[in-house]
Amino acid sequence: MAPQKRKTAGAGRNNDTEQINKRGKLDLSRPHPSAQQSENFGIVLREFYPPEISNERCLAYNDGTLERPIETLQRAYKETADQTRAIEANAAVVHWFKSDLRLHDNRALHLAYQSAKENNIPLIGLYILSPQDLTAHLSSPARVDLTLRTLNQLKRDLSELDIPLYMETQESRKNIPQRIVDLCQQWGASHLYANLEYEVDELRREAKLIRLCASNGIKFETAHDTCVVAPGRLTSQQGKQYAVYSPWYRAWLGYLNENRDCLEPSEELGSNPGDARRSFNDLFTSEVPAAPENKQLSDEEQRHLSQLYPAGEHEALRRLEVFLEEKAKDYADARNTVYGQTTSILSPYFASGILSARTAVEQARKANKGSLQRGEPGLVQWIGEVAWRDFYKHVLVHWPFICMNKCFKPEFTNLEWEYDENKFNMWCEGKTGFPIVDAAMRQLKQDKWMHNRTRMVVSSFLSKDLLIDWRRGERYFMENLIDGDFASNHGGWGFGSSTGVDPQPYFRIFNPLRQSERFDPDGEYIRKWVPELRDIRGPEIHEPHVRGAEAIAQKSGYPRPMVDHATSRDRALKQYKRASENGP
DNA sequence: TAAATCTTTCG
DNA sequence: GAAAGATTT
């Protein structure tokens, strides 16, 4: 056996250099060494995922000779095709709502409706809340609350079309496929529809459901819906998945210009094709489930959040319209200004599927006189931001191992992150002594949302200035954000910490002070979120302790900077450089 | 979608 | 010696 070059010594380190081939690409034919790093990331790994997800199961997704979850699903369809070909519709058609909580422009719902119409049978909506799922996926109480509030509206809107929405709680996620089959059989439904979610657990669950349905005489059809361009559609000339946004974006634009039907919204639903009031009357009284105990908001939070983010797709469509009419023209210039409503704040609605990304892009295109890439700079830029959402979902489908606590760039797996609870808590609580960072973290804590610019600032601060494992920040965001979406959140953290696909280069380290001066020039954002500094009027607010506002800061108890940025910057450069030279 | 530092240019 | 430009991290 060829001798292996000795890398950084250290307990639990795997020094296998063959993992990375000469082009620096991940060798997918063998387990990734980071999978054996559970000692290093022990606290993270155990906290992130339930213990039944072992390292071995992580490896499967990482192994190119095995299959991706999307391929597991495709295989399930292939192998059950004979069983389902002959299935005929009988008493009802079911649409299973997941994170597609809308009637408008919903691909699978529309297919379900068409199927019901062709067979003159009732359409039934189904929603299952799984507390175990919510816990495993770190769904924030705010997002759960928005979901439940939206279900109330969805139920009303469906009811007006005489379509019932049956909702229930299933404690264990494992039981969901069987429960769905049971319900279908109870209702005499032989056709089930749902939109795909692309996370590993979800795709594997759906693959199981396809087989379970097939063996029980039910045809389960899934649709690509959440992305404007379905994952897998865009590959480079060499047939590879893009790992850089810009070329991917050009391909995305090209594809949409060639395939205009991708942007066509699904037809509006009419009233229930079958008489559900007669056959399924009791389903109309189904109540929205309660939030699980660990996902509850206080009354005050609930009031606050339902004011900030009113539920339902009518609100989402209204916001879209207002944004496109009033804000979009300034968006290109104003979007980085962190104070005031310069952005659309549609992310909570995208994340839970209350608004269709397709509708959003199509409406923006129309507002831009039919062009996706030329014309009004604000509209073009905004379409590009919605495209980032597609990009990160495509990345997730192609490299599903990112679902398993892996960063995209393996060389940064072994970076010597800090795990200092105290420092981490100072970041969480917005007590770092860097006004722009603290303002952002407090905005997150109270509004459960943060401006995109400050997401980059605080993620850079955590991973570069504090050198704390970016996964802790990723997790904290998921636990708090009302718009928490795995792919976008992971993508954003990978970008900010320079460990992801198309990241900013590791030596591109934000200077919190410079960011503050550029994007909150008048200090209004800081003044809004950091009351200790409210009385500081001038530019010293960005750096109170060294700009002559020390007295105010001290009196109000605003903390001194917890680190020296220049020193931290040097340390981060050194560590990142070392990790990138040493490899995984 | 960076910032720091080094180098050149101009008055 | 400021400001613009190029290079480095």
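User: Which strands does helix α8 lie across, and at about what angle does α8 run to β5?

Analyst: This is a predicted model. Helix α8 covers residues 200-215. It lies across β1, β4 (189-195) and β5. Its direction relative to β5 is about 150 degrees.

User: What is the strand order of the open sheet of five strands?

Analyst: The sheet is open and its pairing is parallel. Its edge strands, each pairing on one side only, are β3 (165-169) and β5 (219-223). From one strand to the next the twist averages 25 degrees. The order is β3-β2-β1-β4-β5.

User: Over how many bridges do β1 and β2 pair?

Analyst: Strand β1 spans residues 92-97 and β2 spans residues 123-129. Their pairing is in the parallel sense. The count is five bridges.

User: Which residue in β2 is the bridge partner of Phe97?

Analyst: β1 takes in residues 92-97 and pairs with β2. The bridge partner of Phe97 in β2 is Tyr127.

User: Where is Leu138, and is Leu138 buried or exposed?

Analyst: Leu138 sits in the loop between α5 (131-136) and α6 (141-160). Its phi is near 60 degrees, a positive value in a residue other than glycine. The relative accessible area is 10%, so Leu138 is buried.

User: Is Lys369 buried or exposed?

Analyst: Lys369 is in the loop between α14 (357-367) and α15. Phi of Lys369 is near 55 degrees, a positive value in a residue other than glycine. Its relative accessible area is 82%, and therefore Lys369 is exposed.

User: Which residues come nearest to DNA strand B?

Analyst: There are 13 residues around DNA strand B. By class they comprise four nonpolar, two polar and seven charged residues. Those that come nearest are Trp388, Arg508, Asn511, Gln515 and Arg518.

User: How far is a polar side-chain atom of Arg508 from a phosphate oxygen of DNA strand B?

Analyst: For Gln515, an N or O atom in the side chain is 3.0 Å from a phosphate oxygen. For Arg518, a polar side-chain atom lies 2.7 Å from a phosphate oxygen. For Arg508, the distance is 2.6 Å.

User: Which element gives the largest share of the surface near DNA strand B?

Analyst: The elements giving two or more residues to this surface are α15 (377-398), α18 and α21 (512-519). The largest share is three residues. It comes from α21.

User: What percentage of the atoms of DNA strand B within 4 Å of the protein belong to sugar or phosphate?

Analyst: The atoms in question are those of DNA strand B within 4 Å of the protein. They divide into sugar or phosphate on one side and bases on the other. Sugar or phosphate accounts for 61%.

User: Which side chain does a polar contact of 3.2 Å join to that of Thr454?

Analyst: Thr454 is in helix α18. Its relative accessibility is 1%, so Thr454 counts as buried. Beyond four places away in sequence, it touches Val338, Ile436, Ala440, Gln443 and Tyr525. The polar contact of 3.2 Å is with the side chain of Tyr525.

User: Why does Leu467 count as buried?

Analyst: Leu467 is in the loop between α18 (452-465) and α19 (470-480). Among the residues it touches are Leu415, Trp417, Arg571 and Tyr576. The cut-off for buried is under 20% relative accessible area. Leu467 counts as buried because its relative accessibility is 1%.

User: How far apart in space are Leu467 and Ser497, C-alpha to C-alpha?

Analyst: In sequence, Leu467 and Ser497 are 30 residues apart. In space, C-alpha to C-alpha, the distance is 9.4 Å.

User: Is Arg442 buried or exposed?

Analyst: Arg442 lies in helix α17, residues 435-447. Its contacts beyond four places away in sequence include Glu429, Glu532, Trp529 and Tyr558. The relative accessibility is 14%, so Arg442 counts as buried.

Conventions: Residues are numbered from 1 along each chain as its sequence is written. Chains are lettered from A and ligands numbered from 1 in the order in which they are written. This is a predicted model: local features need pLDDT of at least 70, side-chain atom pairs count only at pLDDT 80 or more; totals for chains, interfaces and linings use all residues. Side-chain values use heavy atoms; hydrogens and water are left out. Helices (H or I, at least four residues) and strands (E, at least two) are DSSP runs, numbered from the N terminus. Buried means under 20% relative accessible area, exposed over 50%, partly exposed in between (1.4 Å probe, protein chains only). Contact means heavy atoms within 4.5 Å. Two strands pair if DSSP finds at least two bridges between them. Axes are lines fitted to C-alpha atoms, for helices over the stretch in contact, and angles run from 0 to 180 degrees between N-to-C directions. A residue is near a molecule or strand if one of its heavy atoms lies within 4 Å of it. A polar contact is a pair of N or O atoms within 3.5 Å; within protein, one must be able to donate a hydrogen and the other to accept it, and residues adjacent in sequence count only if both atoms are side-chain atoms. Ala, Val, Leu, Ile, Met, Phe, Trp, Tyr, Cys and Pro count as nonpolar, Asp, Glu, Lys and Arg as charged, and the others, Gly among them, as polar.
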